[in-house]
Amino acid sequence: MSETSPAIRLTDLHFSYGKGPKILDVPSLEVKAGEKVFLFGPSGSGKTTLLGVLAGVLGGYSGRVEVLGRDIAKLSGSQRDAFRGSHLGYIFQLFNLIPYLSVMENITLPCRLSAERRGRLNGVSLEQAAHGVAKRLGIDELLTKRVTNLSVGQQQRVAAARSLLGAPELIIADEPTSSLDYDHRERFLELLFESCKAAGATLLFVSHDRSLMHLFDRQLSLPAINKAGT
Amino acid sequence: MFMRFTVVLVVAGMAVFGQARSRKAHEHGSAKVSIAFETATGAPKGVIAFEAPAESVVGFEHEAKSVADKTKVAAALRMLAARFGEMVILPAVSACKVTNKSAKVEALKEQHSEVHAEFAVACAKPLAGLEIRFGFMKVFPKIHDVEVALLAGEQQSKADVENDKGVLKIAK
Amino acid sequence: MLVLSLAYQSLKNRVLTTTLTVISIGLSIALLIGVENVRVGARESFANTISQTDLIVGARGGSLQLLLYSVFRIGAATNNITYQTYEHWKNHPAVAWTIPYSLGDSHRGFRVVGTDENFYTHYRYRRDRSITFESGRLPQDVFEVALGSDVARTLGYKTGDKVVITHGVATAAGRGILDHGDKPFTVSGVLKKTATPVDRSLYIQLEGISAVHIDWTDGAPPMPGEEVPAAKITKQTMKIDQITSFLLRSKSRIDTLRLQREISTYSEEPLQAIIPGLTLQELWRTIGYAEDALTVVTFFVIIVGLLGMLVSLYTSLNERRREMAILRAIGAGPVKIISLLVLESFLLSIAGCVLGVALVYVLSVTFQPIVEQHFGLYVPIQAPTMTGWIYLGAVAVAGLLIGFIPAWKAYRNTLSDGLSVRL
């Protein structure tokens, strides 16, 4: 993928779960590489479904979905998994971490699953790289702890560290701040922006909390672009 | 109590046993082999006794009066004596030598007769822990059911060898 | 390797359910292997109810019948053999020793066995164990009796007590119709427990059997006034006419076959000689159905154990939907998700196998002496037999296969859940 190709380009996307009602009908959407995009909309407007399609987890749509210059419909199932593991970072709203792994193990898991992603560490050992990311997010003291002993804010920063490690080109965040209070929210976002910038990653941030939207390069209303949402 | 348990088993088994036991003494196709070794260790020495209906070995049971019949009897007994090692296959590693001591046809009542033969066995190496296999049908195709008893040291066991299938394990 | 370490850590995290599952599989494995060992032990013990006896000789009849009344004290002989015949074989040059048995009388349901010193000297069970005394000594006088340990324990007798024996075999509850009440016996000793049928008999001298019947004619008690008082009877004056059967040890195993043939064709009296090990083996084979039933039951226990594992894995899936979604989001494909769960199931069954085998060893080592003493059952402590290994392998493979059920479900979950699991 070249520098100029967009991080995300959707054309005529239609999606429904099985034979259910149409959830997504997006004629067009484009996110430029390196952009920080805020996607908002009320609950049930199809935000998480859209992310599932972009991540290549939900199939069975019609239309064209290009992520990082690749038509993901043309990838096989295992290629999609490998692609996601290697190029995407994903942060959930809550319960982001594998409960039986330590902080360090959680952060390094994507790189351990994907050799390609591990290859982008530029010769730095996995532990060192993880330590670096953790330090930037202020959780380097917690690396050996069990994730169940962390506060929600700490957990979200571990999730961010995991999504950032191995320099994925696209970070998708699904309401990662909704469980944080205002101060922590701002602080978390600053760290996330900083890290994305350092890694040169594109950020697609989904939330229904519009108080944060001013911090982003671009704001997108899903109801506005999704004709099925009404 | 295990003992009381076995007693119950014994009683329970009696009815079944009674039927299972009723093997005819002289049944064409059935033979009886008794193997006895003083011990299974060292260089074991022993005897093997063989009993079978003459029909299954010689081909007939009437008294051999004609020259042809007498020739048949002599040939069958010679074959029995010479190829017994293929019928009762002792473990090769024990290097056993089987020597025929006697082989004859004995007349029974009611027109029946049986072949009785005895063999001496001398092995160079121990038999303990090894297996005895069988190949009666290769030599005498009619012998398909053989009751084999083995005495070796304190071991007393038996095997019903049907169609040459079955092994006798020699205790360690 | 990554999936293996994930599976291991995931199991470690759910330590309670993991432990319970492993214990349940372990217990069923222990039961399976234990039953297998007990089976081997039972077969061995049964085959060694009597040892070092080459032949049992009695009047011609059924071979099983001869074994049952001579060894198990069940049933009765149709005919006796004369004492001359017994002496003929006793003195045969190929015979090492003989033990005569004279049967037919009883005491409160227990058989009375007339025998001689040879019984105490030569009788062997469980390969090489001989008869020893718990208390007292062997009967030396015509009217002395030694008790098997079950007899003494059940009836509460001790050395010095008087015992009246009954003509014929009476039940434990009802007294026999015809007691030898005029000639009571004194307990001279009690045998140590053998956990064989030896424990369930009373032992008197052959002369004792003659003595209680001396004034009887044709199986009927003496008319009043014709009784011979016990005081007038001494061992020397007693003549032994007949016995029921005898055990025989030949000087060499090779002689056994020859003796068996000679005895079966003895012209003076119709006799039969059986090799006890062979008849016992035949008997065991016909009652082997009980073994099979036991095995079937333990297989069901195993199935229940594995189903328990399936249930615990399956029910944990709901709590783990989020975990599966995370794994998918960070690039774990269906193969990884499925192998994670299959591996968990496999690890559980392997751990169960290890625990089960360990349990069998610990229990065997702990209880072997107790079981042997009380039940006469020698359960061998040994590495799993071929059958044992097959069972273990089968359980491990079953665990592996069962893992595919929750794995498939988990995979389906991740497909329908995508990345959105709201719990």
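## Working through a three-chain model

Chain A has eight helices and nine strands. Bear in mind that the model is predicted.

**Exercise 1. Work out whether the radius of gyration of chain A agrees with that of a compact globule.**

Let's take it in steps.

- Start with the expectation: for 230 residues, the rule puts a compact globule near 17 Å.
- Now the value for chain A: its radius of gyration is 17 Å, so the two agree.
- For a look at the dimensions, the C-alpha trace of chain A spans about 45 × 40 × 35 Å along its principal axes.
- Next, burial: 48% of the 230 residues in chain A are buried.
- Finally, the contacts: take those in chain A with a separation of 6 or more, and 75% of them join residues 24 or more positions apart.

**Exercise 2. Sort out which chains touch, then describe the side of chain A that touches chain C.**

- Two pairs of chains touch, and the pair B and C has the most contacts.
- Chains A and B have no contact with each other; their closest C-alpha atoms are 50 Å apart.
- That leaves A against C, where chain A puts in 25 residues and chain C puts in 17.
- On the chain A side, three helices supply at least two residues each: α1 (47–54), α2 (77–87) and α3 (103–113).
- The top contributor is α2(A), with seven residues.
- By residue class, this side of chain A splits into 14 nonpolar, eight polar and three charged residues.

**Exercise 3. Find the buried residues of helix α4 of chain C, and say how they are arranged around the helix axis.**

- The helix runs over residues 83–90 of chain C, and its buried residues are Thr85(C), Tyr86(C) and Trp89(C).
- Look down the axis of α4(C): the buried residues fall within an arc of 100°, so they line one face of the helix.
- What covers them? Among the elements of chain C that do are the strands β1 (55–59), β2 (81–82), β3 (95–107), β12 (242–243) and β13 (245–250).
- A helix of chain C, α8 (253–264), is also part of that cover.

Definitions and conventions
Residues numbered from 1 in each chain as written. Chains lettered and ligands numbered in written order. Predicted model: local features only at pLDDT ≥ 70, side-chain atom pairs only at ≥ 80, totals over all residues. Contact = placed C-beta atoms within 7 Å. Helix = DSSP H or I, 4+ residues; strand = E, 2+ residues; numbered from the N terminus. Rg over C-alpha atoms; globule rule 2.2 N^0.38 Å. Buried ≥ 20, exposed ≤ 12 C-beta atoms within 10 Å, placed from the backbone. Nonpolar A, V, L, I, M, F, W, Y, C, P; charged D, E, K, R; others polar. Arc of directions from axis to C-beta.
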